[in-house]
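Me: I would like to learn how to read a model of this kind, feature by feature. Could you take me through it slowly, giving the general idea before each case?

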Amino acid sequence: MLSGQTVVVTGCAGFIGSHVVDRLLSTGHSVVGIDNFSTGQRRFLEGALWHPRFRLWEADLLDVDALGRALAGGELVIHLAGTPTFGSGQSTPARTSSRIRSRRSMSSRR
Ligand SMILES: NC(=O)c1ccc[n+]([C@@H]2O[C@H](COP(=O)([O-])OP(=O)(O)OC[C@H]3O[C@@H](n4cnc5c(N)ncnc54)[C@H](O)[C@@H]3O)[C@@H](O)[C@H]2O)c1
């Protein structure tokens, strides 16, 4: 990864995503973060929110228009948005299958 690249991080307000954001900013990257705050926490981004090279999109990945705008200009995507619990595919199959479709949609935009 080249320093100075613009990296899109989905799930940027999550446990892993927020650490990845901090690391990318500290190594000279610009970061576009996407999160719907379903499990993410704004306080995890308190170091990044003021940073001039960080831009936050508060949006759901299933919102294809918002996703397209967030991805525009990104050179690399680190996809960390997800449901960390097991069994969601059985309890909420429609939502889980929508998430899989949105991942495919993101892959096809590369
Ligand atoms: N934490 C672990 O030990 C671990 C281990 C293996 C794999 N993982 C995977 O790594 C990923 C991140 O894990 P984490 O622990 O940081 O979870 P997390 O819940 O802390 O972070 C996930 C983030 O994704 C966001 N999100 C979820 N659905 C979204 C959507 N549709 N649109 C936009 N944002 C959405 C949530 O708000 C949250 O901020 C997950 O896919 C998880 O399954 C985590």
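Me: In which helix does Glu46 lie, and is Glu46 buried or exposed?

Reply: Helices (H or I, at least four residues) and strands (E, at least two) are DSSP runs, numbered from the N terminus, and Glu46 lies in helix H2, which covers residues 46–49. A residue is buried if 20 or more other C-beta atoms lie within 10 Å of its own, exposed if 12 or fewer, and partly exposed in between, with C-beta atoms placed from the backbone. Glu46 counts as exposed because it has 10 C-beta neighbours inside 10 Å. Glu46 and Asp22 are 24 residues apart in sequence, while their C-alpha atoms are 9.9 Å apart in space. Please keep in mind that this is a predicted model, in which local features need pLDDT of at least 70 and side-chain atom pairs count only at pLDDT 80 or more, whereas totals for chains, interfaces and linings use all residues. Residues are numbered from 1 along each chain as its sequence is written.

Me: What pattern does the chain follow along the sequence?

Reply: The chain has five helices and four strands, and along the sequence they follow the pattern β-α-β-α-β-α-β-α-α. Of its 110 residues, 25% are buried.

Me: How should I read the sheet, and in which order do its strands stand?

Reply: Strands of a sheet pair through backbone hydrogen bonds, either parallel or antiparallel. Here two strands are said to pair if DSSP finds at least two bridges between them. The four strands form an open sheet in the order E3-E2-E1-E4, with parallel pairing. Strand E3 (54–58) and strand E4 (76–79) each have a single partner strand and stand at the edges, so one side of each has no neighbour in the sheet. Strand E1 (residues 6–10) pairs with E4 in the parallel sense over four bridges, and the bridge partner of Val9 in E4 is Ile78.

Me: Which residues of H1 are buried, and why do they fall on one side?

Reply: An α-helix has 3.6 residues a turn, so residues three or four places apart point the same way. In H1 the buried residues are Gly17, Ser18, Val21 and Leu24. They lie on the same side of H1 because they cover an arc of only 125 degrees around the axis, the arc being that of the directions from the helix axis to the C-beta atoms. The face turned away from this buried side carries the exposed residues His19, Arg23 and Ser26.

Me: What does H1 give to the shell around the ligand?

Reply: A residue is near a molecule or strand if its C-beta atom, placed from the backbone, lies within 6 Å of it. In this model 20 residues surround the ligand, the closest being Gly11, Gly14, Ile16, Gly40 and Gly82. Helix H1 (15–26) and strand E2 (30–35) each supply at least two residues of the shell, and H1 gives the most, with three residues.

Me: Where is Thr83 found?

Reply: Thr83 is in the loop between E4 and helix H4 (88–91), and because it has 14 C-beta neighbours inside 10 Å, Thr83 counts as partly exposed. Thr83 and Thr39 are 44 residues apart in sequence, yet 8.4 Å apart in space, C-alpha to C-alpha.
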